[in-house]
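I opened my notebook beside the model and went looking for a few local features. Here is what I jotted down.

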Amino acid sequence: MTINYQQVIKDTGSIIRQKSADVKLPLSVEDKTLLTEMLTYVRDSQDEELAKKNDLRPAVGIAAIQLGIPKKMLAIVVPKDEEEDYEFALVNAKIISESMQRAYLKGGEGCLSVDNEHPGYVPRAARIKVKAYDLLRDKEIIISASDYLAIVLQHEIDHFSGTLFYDHINKENPWKDIPDAIVIE
């Protein structure tokens, strides 16, 4: 199955709010294929030419529930530096520790499943540790993440519980200052 943007479930449907289930390890062929396709979508969506050709909306991450599959699987490709990206194809990802310090993206967050604007700061932990099985490394790993990578991981893991980024935005004052938070450009 090749994934394109038309297959992404939108927040107007109730399935996006469904809780995802743990995935049995070792992975079935079906789950390996799905996770590989998810990673391909994210990777290819960051290439302007491939994105246009294959109907891919640019993304840094995707969770299986966004394809209507309530399983704890996610794929992310986050720029690390000029030559390298952080790439993970995670199963049963779980945050095992997080900093008290908050961080947020200066311009707010977006999501493949959300077409409407939801302006405001999305406060998240500045630093986290995530435990998960990673298909790319074929083993259980612990990721120590900070800044943008930490935000992306938290965003995708939120999908496992049916939480969307705008659920975290202050309803009364979306751009309210968050004291001592790290602002990520």
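Helices (H or I, at least four residues) and strands (E, at least two) are DSSP runs, numbered from the N terminus. I am working with a predicted model, where local features need pLDDT of at least 70, side-chain atom pairs count only at pLDDT 80 or more, and totals for chains, interfaces and linings use all residues. Residues are numbered from 1 along each chain as its sequence is written, and side-chain values use heavy atoms, with hydrogens and water left out.

Entry one, the loops. I looked up aspartate 55 in the loop between α2 and β1, and found its phi near 55°, a positive value in a residue other than glycine. Aspartate 55 is partly exposed, at 31% relative accessible area; buried is under 20%, exposed over 50%, and partly exposed in between (1.4 Å probe, protein chains only). I then turned to aspartate 138, in the loop between β6 (127–134) and β7 (139–146). Its phi is also positive, about 55°, and aspartate 138 is exposed at 56%.

Entry two, the segment before α1. Proline 26 sits there, and the peptide bond from leucine 25 to proline 26 is cis, with omega near -5°.

Entry three, the open sheet. I noted three strands in the order β5-β4-β8, with mixed pairing; strands pair if DSSP finds at least two bridges between them. β5 (124–125) and β8 (182–184) stand at the edges with a single partner strand each, so one side of each has no neighbour in the sheet. β4 (residues 102–105) pairs with β5 in the antiparallel sense over two bridges, and arginine 102 stands opposite alanine 125 in β5.
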